Amino acid sequence: MEQLNFPTYTFRIKNSENKTAIFDPIRKKFIILTPEEWVRQHTLQFLMQEKGYPKSLINVEKNIKINGLIKRYDIIIFNTDGSIFLIVECKASKIKITQHSFDQIARYNLALQANYLMVTNGIQHYYCQLNYQEEMYNFLHDIPAYT
């Protein structure tokens, strides 16, 4: 897999039946290693190691219902009170981040009501803080570390 715009992390990787899998520390199982999964696992390590978010507050790839449709988010970080702090949308590194990417995470956020959004393809990372009073999001240089 290619080098991403994250620090270097160590991963548990295994090969079986001509498939490569990477261990997901949140789901506690090996997941088929796709380009998007490579970005997702780097993002998880970034959130835990660089930003200090505890595993107990992180959720990965769960279904949500939006306008009657079942969708699946990539990563959510919860506040300790159970509200949602951050939603992360991961794309494969070859996928350009466009307005469509932000529209997708914004639709998820209608149901989830997070404080922050992150969209990444592993090369480019975008961070936003939601301003619900003015119904807009403000782009940031980084997301806050866990406090």
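Me: How do the elements of the protein run from the N terminus on?
Reply: The order is β-β-β-α-β-β-β-β-β-α-β-β-β. Helices (H or I, at least four residues) and strands (E, at least two) are DSSP runs, numbered from the N terminus. This is a predicted model: local features need pLDDT of at least 70, side-chain atom pairs count only at pLDDT 80 or more, and totals for chains, interfaces and linings use all residues. Residues are numbered from 1 along each chain as its sequence is written, and side-chain values use heavy atoms, leaving out hydrogens and water.

Me: How many helices and strands is that?
Reply: 2 helices and 11 strands.

Me: New topic. How much of the protein is buried?
Reply: Buried residues (under 20% relative accessible area, 1.4 Å probe, protein chains only) make up 46% of the 147 residues.

Me: Which residues line the largest pocket?
Reply: Among them are Ala 106, Asn 109, Leu 110, Tyr 132 and Glu 135. Lining residues have an atom within 4 Å of a point.

Me: And which element gives the largest share of that lining?
Reply: H2, with 3 residues. Helix H2 covers 99-112. Strands E10 (125-131) and E11 (136-140) also give two or more residues each.

Definitions and conventions:
1 Å grid on protein atoms, 1.4 Å probe; cavity = no way out; pocket = protein on both sides within 12 Å on 5 of 7 lines; lining within 4 Å. Buried < 20%, exposed > 50% of the residue type's maximum accessible area, 1.4 Å probe, protein only.
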